[in-house]
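Colleague: I am new to this structure. Could you take a close look at a single part and describe it in one connected account?

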Number of protein chains: 2
Amino acid sequence: CGKILAFDTVRSMSVQTGFTVPPPKSLQQPLSVPKRLLLGPGPSNISSRVQEAGGRQIIGHMHPEMFQIMDQIKAGIQYAFQTTNNLTLAISGSGHAAMEAALVNVLEPGEAVLIAMNGVWGERAADIGERIGAKVQKLVKTPGESFSLQDIEKALVQHKPVLFFITHGESSTGVVQNLDGIGSLHNCLLLVDSVASLGGAPLFMDNQEIDILYSGSQKVLNCPPGTAPISFNERACQKIFNRKTKPTSLYLDMGWLSNLWGYDESPRKYHHTSPITCLFALREALAILAEQGLENYWKLHQENAEYLHKGLEDLGLKLFVKDKSMRLPTVTTIAVPEGYEWKDITNFIMKNYQIEITGGLGPTIGMVLRIGLMGINCTKANADLVIRALKDALEHCKKSKH
Amino acid sequence: CGKILAFDTVRSMSVQTGFTVPPPKSLQQPLSVPKRLLLGPGPSNISSRVQEAGGRQIIGHMHPEMFQIMDQIKAGIQYAFQTTNNLTLAISGSGHAAMEAALVNVLEPGEAVLIAMNGVWGERAADIGERIGAKVQKLVKTPGESFSLQDIEKALVQHKPVLFFITHGESSTGVVQNLDGIGSLHNCLLLVDSVASLGGAPLFMDNQEIDILYSGSQKVLNCPPGTAPISFNERACQKIFNRKTKPTSLYLDMGWLSNLWGYDESPRKYHHTSPITCLFALREALAILAEQGLENYWKLHQENAEYLHKGLEDLGLKLFVKDKSMRLPTVTTIAVPEGYEWKDITNFIMKNYQIEITGGLGPTIGMVLRIGLMGINCTKANADLVIRALKDALEHCKKSKH
């Protein structure tokens, strides 16, 4: 080993070693992407401005111009979250990665975390908590319901967790959680999942005393999946930066990521290669949100959700969430109508309208149909269209149960 | 809590709670992305076909057409890796996330892992190993050198690890590791990092008996960062699917990801929202590699690297890696010329040529300059251009040391 091998030698070894896998035939066809109206719980369609940004030529992830774009993203997330937190950034992964980033950075092995569980997101958070050796306590509600301050206070007193996890927009059940007052109840850190609600329902990170908040890019923001906004307040930073053990993930370690996103004055160091085009897209998506204005966007989503709900009820369908005040404006859940297979309905609408609506997820599989009207997809015209498609489906789908 | 709140109430609470953060002014400017020729160690420039794919409108991550695209990506990675492994997929993150996915899925707490460390990637792998509670053993070489079979055999006998990690293309030092023979030495699993080498230097996963191999998208593939190819052979699957403990990461858990990527016949279940546009782009990047042909691409990178090396030596510069057979074809390292600050040189070339070349990374900071010629950027014209830029820089950059 050492001196012997010039390329010819390497190549001859290679040839000798031999190719075992030919170029695949399936890649000889052009990339084929059908046109779809995405009215499920996400992802939603991408706006053309965001699309254009995501298709740009890149620059280096450590160029000053990239840091400027990251600073703009940080400012955009601060606006979307209504926070002045300095530790505000986008995770290089999906909303799920942001959930993991929050839990992995805050919790140390043996520490107690209380998880409000009324759908799939609480289940996932509990799973992550267990994997990293935290003591996971659960506050459970039937899917379709939300938590009262009394529920939460009682559980916090009982379990004395260092962290309390709750979901703002429970997209698997269609429930929006009222967050007012929770922040002042707790001594522990409050972690809120707003993947399905951000931009579509009122949320004030600072005023609601949320310590850690994260979201996704592919819902109301109409941005490709692949980045996930997250923010930590000073209390959360105190916890994170005074850990005794390193987080189990280096990829999601806030010690590194805080530096990369300019949390302090020290020069930014290479940690990983950021998803550059996804960050371009996220920057534009946040710019659009800022232009539209949060309050206008919240109002739009609420009004169109109510319009959709009325149309669905006029069809004779039953909304899964009984209490109007608990209905998530971005994602509507319908009880699967009696005598139908949910999959027949979603398949019919996909086949005949090229529209995605979906069935349930986790605890709501088989129980609900889900319709999302988010961002640019949140229009009365889309509500009308999906109502018409549902009417058509109900008429044509063979009743397989009775 | 419960019945009281219709939207008007929620809104009035919100208004009462009050906005504290106005829309940021920085987002009122259009997105500004300068034109750059990326001749650093990565990312490289994106080809126009890949760019176009990354700028497309999306479909749902669970649509059959998306699974078809994922199947095509799998076939493309199998070709690029020269493997028939069924568990072959793209991680939803950077190459760094793929490194973490490999280690987190294979290793359980207390198990021994041997890390070949001759640059920054070994350091990172060791860091991850320690975070997840593995017993990390290190086989260390001076940056700029590679490992002999004897080195490796001795260390394997001594440490008896369950996993051996080695880097094929050490982009921080510019070293390519000869992998021939390592696979037949070991009883443990062999994990290879090919982020900086894939497509640019000969690599045969199956014939070289590599058990786990991963790479990145943003180097020779000329694809935006955000996805990372990875593959596990049957031996690795045996280890992964017979763990006693769950991996510390749910986001990177191969139990879930194997299902999402069609490893077995069971229906694909939602795990996380894939980075859809990045997958479109990766599909096209792999299609281009298949069209070009691996052997042609390897030859192209080797020839242009040698052409660049000659030009650099003609300028009086010294290559950091003395042994020609150990020079990585994709990333060339130059010893920082005496009397110069490396940063003056990279800044001069960026300012006057809009070309990125970089300094060192990790153990090579301050020691080297790094030039990457990868994929579409791997041309004699680019080699000439960067040589001219360097000549210019050497003439103009003030000597700050002597």
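Modeller: The model is predicted: local features need pLDDT of at least 70, side-chain atom pairs count only at pLDDT 80 or more, and totals for chains, interfaces and linings use all residues. Residues are numbered from 1 along each chain as its sequence is written, chains are lettered from A and ligands numbered from 1 in the order in which they are written, and side-chain values use heavy atoms, leaving out hydrogens and water.

Domain 1 of chain A covers 48-292 and domain 2 covers 294-396, bounds that come from an automatic or database domain assignment. Their C-alpha centres lie 27 Å apart. To the contact (heavy atoms within 4.5 Å), domain 1 of chain A gives 32 residues and domain 2 of chain A gives 25.

Between these two domains there are zero salt bridges (a side-chain nitrogen of Lys or Arg within 4 Å of a carboxyl oxygen of Asp or Glu).

On the side of domain 1 of chain A that touches domain 2 of chain A, at least two residues each come from α3 (64-81), α5 (120-131), β6 (169-170), β7 (175-176) and α10 (276-292) of chain A; helices (H or I, at least four residues) and strands (E, at least two) are DSSP runs, numbered from the N terminus. The most comes from α5(A), with three residues. By class, this side of domain 1 of chain A has 14 nonpolar, 14 polar and four charged residues (Ala, Val, Leu, Ile, Met, Phe, Trp, Tyr, Cys and Pro count as nonpolar, Asp, Glu, Lys and Arg as charged, and the others, Gly among them, as polar).

A:Asp392 sits in helix α13 (residues 380-396) of chain A. Leaving aside its neighbours within four places in sequence, A:Asp392 is in contact with A:Phe348 and A:Tyr353. Its side chain makes a polar contact with the side chain of A:Tyr353, at 2.7 Å.

Note on methods: A polar contact is a pair of N or O atoms within 3.5 Å; within protein, one must be able to donate a hydrogen and the other to accept it, and residues adjacent in sequence count only if both atoms are side-chain atoms.
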